[in-house]
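Subject: Structure for you to look at, with notes

Dear colleague,

Please find below the structure I promised to pass on, together with its sequence. My notes follow it, and I would be glad if you read them with the structure open beside you.

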Amino acid sequence: MSKVMSETIVHYRSLPVERTPQRLDPLGVQSAWLLVPLLGAVAVAYAVFSTVVHRDQLRDPALAGWALAVLVVAVVVAAVRTHPGLPPVGLWSHLAIIGVALAAACLFAAAVWGRNERIQDDWGQIAVALLLTAMPLYRPVAEVLTVAGVAAVVLGGLASAQSPSLQIANHPLVFATVAATPVLALACGGAGYAWTMTGETLRWREVARAGQLRLDGELRQVAARMVAQERATALNAEAVPFLTALAARGVITDEDRVQARRIAETLRAAAVEAVRRSWLAETVALALSRRGVDVGGAPRVDDPDRLEEVLSDEQRAIVGALIATVAAFPGLVPGSLSVSVTRPGSPVFVLTARTNEPRRALRSELVPFLSALQSVSMVASMRVRADGLTVRFAYPERRAP
Amino acid sequence: MSLGLPSHLSRAANSRALATAARWAALVCLVMAAVNVAVSTVGGTTGPTSWISTLVLLPMMALLVLLSRGRTVALTVAYLLVGAVCTFFYIYLLFESTPEYRDTNLLVVALPVVAMTLVGGTGTGSLVGVLWATLGFALAEAAVFLGATAAGRVFRPDAISLSAYLLLVGVLAFDGLTRGSRSRTQGAIHRAVRDARLVDLRRELLAESTADLHDTVLSELVAVATVEPGELPARLRQRIESDLLRLGAAGLPPDDVPTGDDDPWYESELRRAIEDARDEGLAVDVSGEREALGRLSADARRAVGLAVRQCLVNVLRHSGSATAEVAFSCGDASVSVMVVDGGRGFAVGSASSDRLGLRQSVHERISKAGGTVTVYSAEDVGTTVIMTLPVEEAA
C-alpha cells in the first residue's frame, strides 16, 4: 500500500463520529424530515397570529413585519438545510438557523418595546423553541443545549428588560423565566428524544455486530460453495478432460505439451485475476450475477490504486447497497454498469449506468443512499440524463496542513 | 455493523424516545414553575406562603422520575391523580399568595398542566398516547379550574397548555404516519453488510484454493509441458491420477470443501425466508443439523419454509426481539425445525387475531404436510415454535 493511501485511510478513518441520529441513523432521520417544515410552519402561523393579537401594542408595525420575514427565512433555511438530499447539517448551519430565528425574536421585541403587555403571548420564544426541537436530530445534544441556553439568556434578558411596561408587576427575573421556559423545555425534549434514539441505535449496533459474527460460519459455507463451483467450472472446461485423457493414454505428444502449457497459462491468468479482484469489483459482479448477468469479460471497475480500501465498513455497506439497487433496476443495460475511482488523496467514486428507468423512480430509489453516504462523511450527488445516470460519491477535499 | 435501527425495532425505540422527550420537557416545566415562584417570592412580589406552592410540586417531580425508570399503567394513573391534586394546591396557594395574578391565563399556571399533558401517553403508541394526553390535559385543567375558583379567581383557558397539547398530538400523529417508511433502503443495506462479509470470505477462500490449484493441477500441467514426448513418466502419472481422484469424477475441488449442488438448503424456501428476515434487520442464527432438510419431501420442505417465514414475520411484528434462532434436529422418522425468540411472548391460550398467521400459515401448512406444531410462549420470556415433520419414505 502506498504512503498516500495509508495517509488517506488514516485521515478519513480518524474523522470524529458525532453521536446524533443524523450520523447514526440517517435513514430514520430522512423519514422524519417533514417534521422540520411542519414545525416551521407552526412557528410562522403562530407568529402571524401573535402579531395580530399584538396589533394595539405595536410601536413599529414595519419592524414587526420584518420580524416575520426574518422568521420565514430561518424556517426556509432549516427546511432546506435538513432536507434528505443535503445532509449533513453542520455546526454553522445550526447556528445560522437558530441565530436568524433569534434575530427575528429580537426584531419583534423591538417592535413592541415599551408597549408590550405580556411576555407569554410573544412569539419569539415559541418560534425559537419549535426550531430547536428538531435540531437534536442533526446536532449533538450538548451543542443544542448550549445554543438553547444562550437563546434562553438572550430572550430572558429581553423579557426582563421590558418589565416596566408589562401589565403584571413582578420581579424582572420572573419574566425572564417566562421567556426562557419554552426554549429550555422544547430543547430538552428534543435532546431527550435524540439521546434515547442514539442510545438505542448504539445498543442495536452491538447486537447486529454479534449477530454478524455468529453468521460467519454460515457465510463461510456459502463462500466455499461459490469458490468450489467456480473452480469446478474452470477445471472441467479443459484441464480435467485433458489430464483424464492423458492418464488414460499414458503417452505425451508435442501437441499435449503445447496444450498443457496453454491450459496452465489460462488457468494461472484466471486464478491471478480472481485473487486480485477488489472488493468493489466483486460487489459489482455479485450484484449483476443476481440478475443472471455473466460477470466475465471486460472489467467493470476501474480502480488501479485500490482506493476502495479507504471505505469504512459503514461506507462499504451503503456503497454495496447502492450498487445492488442499481444492478436490480429492471431497465438497466447490464453491461453498462461500471465504477471508476480516482484521486488517491481524496478518493472520488463515479458509478455510471445506462437505464431507461423513469427519472423520478431513479431519484426516489437512490436519494436515500446518497443521503446516507453524506451522513457518513462523504459528498454524494447524482445526475440523471436521458440515457442513464451518473452517481458521484467522494471524500471531502482535505485542507492543506 | 448496521446503519440505524431496523423498522421492527424503531417503532418501540421511537415510542421510548418520545416518552423520554416528554419527561425531560415536563421536568423542565415543573422546575421552571418552581423557579418562577421562587424568584417571585425572593423578589417580594408574592407572599411567603408561595414557597409552599413550590413544595407541592415535589410529589409530581418524584413520580416523574419514577416513571422515567419504567412506565406502568398504575404509575401513570398515580402520576395523573397525584398531579391533579398537586396542581390544585399549587394553583390555589399561588393565587392566595399573589394578588397580582387575577386569572389563569398565565405561563406559571400552564406549566403543571403541560407537565401532566405530556407525560401520560407517550411511550404507548399514537392513538392510545393521544387518549392519555387528553385525559392528562382534562384532569389538569379541571384542577386549575377548581384551584382558581377556590381562590376566587377567574378561570380563563390559556393558549400555552392548549398549544402544548396540540403539539403533542401532532407529534404522535406524525410518528404514527411515518413509521416503517425506511424499510426498503434499510433492507438493501442489511443485505449489503452480509454481502460485504461474503465477498471477504470468498476472497480469502479463493486465495487458499488458488494456492492448492498451484500445487496440484497447475504443477502437473507445467510438468507435462516440460517433459520429453513419449511415455508418461510413472511418477507424473501417479500425481495426475491422485489429482483427478481428489477432484472427483465431476472434476470438483477437494473433498473437504462442500459444493452443495445436491444440498437442498441453498435453493430452499426456508433459506429465503431466513434471508428476508435478515434483510429486515432480524439477526437470525441457524443451528443444528441443517442437512436434515434433505430428508423431507419437496412439499414438506416448502411447507416448513413458508411456516418458518410466518414465524419470523411474527417475531418481527410482535416480539420486539432483535434476534431469533432457527434450530434443526432429526430423529429416525422425523425432522424438527424450531423457531425461538426471546421477545415479549404471549399467552398461548388467548391467541388474539394478530396470531392468525400462527394458526393459519403455520398450523395448517404443517398439518397438511403430515406434521405437528407445538407452541411454547410466556409473556416477557419469548416464544418457541416447534414444527415436526415425517421424513420422506424413500429417505
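How many bridges pair S5(A) with strand S6 (residues 388–394) of chain A, and is the sense of that pairing parallel or antiparallel? Seven bridges hold S5(A) and S6(A) together, and the pairing is antiparallel. Before I go further, please bear in mind that this is a predicted model, and that what follows describes that model.

The sheet of chain A

S5(A) and S6(A) belong to an open sheet of five strands with mixed pairing, whose order is S2-S3-S4-S6-S5 in chain A. At its edges are strand S2 (301–302) and strand S5 (379–385) of chain A, each of which pairs on one side only. Helix H14(A) lies across S5 and S6 of chain A, and runs at about 170 degrees to S5(A).

Two backbone details in chain A are also worth a look. Arg343(A), although not a glycine, has a positive phi of about 65 degrees, and this residue is placed in the loop between strand S3 (338–342) and strand S4 (348–354) of chain A. The peptide bond from Pro87(A) to Pro88(A) is cis, with omega near 0 degrees, and Pro88(A) is found in the loop that lies between helix H5 (61–81) and helix H6 (91–111) of chain A.

The sheet of chain B

Chain B also has an open sheet of five strands, with the order S2-S3-S4-S6-S5 and mixed pairing. Strand S2 (283–288) and strand S5 (372–378) of chain B are at the edges and have a single partner strand each, so one side of each is left without a neighbour in the sheet. From one strand to the next, the twist averages 15 degrees.

Taking the strands in turn, S2(B) and S3(B) run parallel and are joined by six bridges, with Ser287(B) standing opposite Ala327(B) in S3(B). S2(B), helix H11 (residues 298–319) of chain B and S3(B) together make a β-α-β unit, which is left-handed. Strand S3 (residues 323–330) of chain B then runs antiparallel to strand S4 (residues 334–341) of chain B, with seven bridges between them, and the hairpin that joins S3(B) to S4(B) passes through three residues.

Where the two chains meet

The contact between the chains takes 95 residues from chain A and 89 residues from chain B. On the side of chain A that touches chain B, H9(A) gives the most, with 43 residues, and other elements that give two or more residues include helix H10 (239–249), helix H11 (254–276) and helix H12 (279–289) of chain A. By class, that side of chain A has 53 nonpolar, 23 polar and 19 charged residues. The two chains also pair through strands, for S1(A) and strand S1 (residues 230–231) of chain B are antiparallel over two bridges, and Val251(A) has Glu231(B) in S1(B) as its bridge partner.

Helix packing within each chain

In chain A, helix H7 (residues 124–134) and H9(A) pack at an angle of about 10 degrees, with their axes 8 Å apart, which makes H7(A) roughly parallel to H9(A). Residues of H7(A) that take part include Ile126(A), Leu130(A) and Leu132(A), and they meet a set in H9(A) that includes Val183(A), Leu186(A) and Gly190(A). This contact has 11 nonpolar, four polar and no charged residues.

In chain B, helix H1 (residues 7–42) and helix H3 (residues 58–69) pack at an angle of about 165 degrees, with axes 11 Å apart, and H1(B) and H3(B) are therefore roughly antiparallel to each other. Their crossing is left-handed. Arg23(B), Ala26(B), Leu27(B) and Leu30(B) in H1(B) meet residues of H3(B) that include Met60(B), Leu64(B) and Ser68(B), and the residues of this contact divide into seven nonpolar, one polar and one charged.

With best wishes

Methods: Residues are numbered from 1 along each chain as its sequence is written. Chains are lettered from A and ligands numbered from 1 in the order in which they are written. This is a predicted model: local features need pLDDT of at least 70, side-chain atom pairs count only at pLDDT 80 or more; totals for chains, interfaces and linings use all residues. Axes are lines fitted to C-alpha atoms, for helices over the stretch in contact, and angles run from 0 to 180 degrees between N-to-C directions. Helices (H or I, at least four residues) and strands (E, at least two) are DSSP runs, numbered from the N terminus. Angles under 35 degrees count as roughly parallel, over 145 as roughly antiparallel, 65 to 115 as roughly perpendicular and the rest as oblique. A crossing is left-handed if the near helix is turned anticlockwise from the far one by less than a right angle, and right-handed if clockwise. Two residues are in contact if their C-beta atoms, placed from the backbone, lie within 7 Å. Ala, Val, Leu, Ile, Met, Phe, Trp, Tyr, Cys and Pro count as nonpolar, Asp, Glu, Lys and Arg as charged, and the others, Gly among them, as polar. Two strands pair if DSSP finds at least two bridges between them. A crossover is right-handed if, with the strands pointing away from the viewer, the path from the first strand over the helix to the second runs clockwise.
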